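Please look over the sequence and the structure first.

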Amino acid sequence: MRELGPGFAFVGRQVHFDVDGDDYYVDILFFHMDQNRFSCTSGRSVGRRELA
């Protein structure tokens, strides 16, 4: 966390987002408290999931 600098807070790993029915997972999610912004790394799509 020191490499990111001051003001960053760790939010989580493998955070799930659903955008228009598509699933996205962010590997690592941070929040910058001074700028009130999220910062994420390595987002990837896993496509749609169908429930049986």
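Which residues form a nonpolar patch on the surface? Phe17, Val19 and Tyr24 do, with about 250 Å² of accessible area together.

The model is predicted: local features need pLDDT of at least 70, side-chain atom pairs count only at pLDDT 80 or more, and totals for chains, interfaces and linings use all residues. Residues are numbered from 1 along each chain as its sequence is written, and side-chain values use heavy atoms, with hydrogens and water left out.

**Overall build**
- The protein has three strands and zero helices, where strands are DSSP runs of E with at least two residues and helices are runs of H or I with at least four.
- Read from the N terminus, the order of elements is β-β-β.
- Among contacts (heavy atoms within 4.5 Å) with a separation of 6 or more, 24% join residues 24 or more positions apart.

**Surface and burial**
- Of the 52 residues, 17% count as buried, meaning under 20% relative accessible area; exposed is over 50%, and partly exposed lies in between.

**Val19**
- Val19, one of the patch residues, belongs to strand β1 (residues 8–19).
- Val19 is partly exposed because its relative accessible area is 43%.

**Asp27**
- Asp27 sits in strand β2 (residues 22–32) and counts as buried because its relative accessible area is 18%.
- The side chains of Asp27 and Gln14 make a polar contact at 3.1 Å.
- A polar contact is a pair of N or O atoms within 3.5 Å; within protein, one must be able to donate a hydrogen and the other to accept it, and residues adjacent in sequence count only if both atoms are side-chain atoms.

**Patch rule**
- Patches are made of residues with over 30% relative accessible area and no salt bridge; nonpolar side chains (Val, Leu, Ile, Met, Phe, Trp, Tyr) are joined within 5 Å, and like charges within 9 Å.
- A salt bridge is a side-chain nitrogen of Lys or Arg within 4 Å of a carboxyl oxygen of Asp or Glu.

Definitions and conventions
Areas by Shrake-Rupley, 256 points an atom, 1.4 Å probe, with all protein chains shown as cover. Buried < 20%, exposed > 50% of the residue type's maximum accessible area, 1.4 Å probe, protein only.
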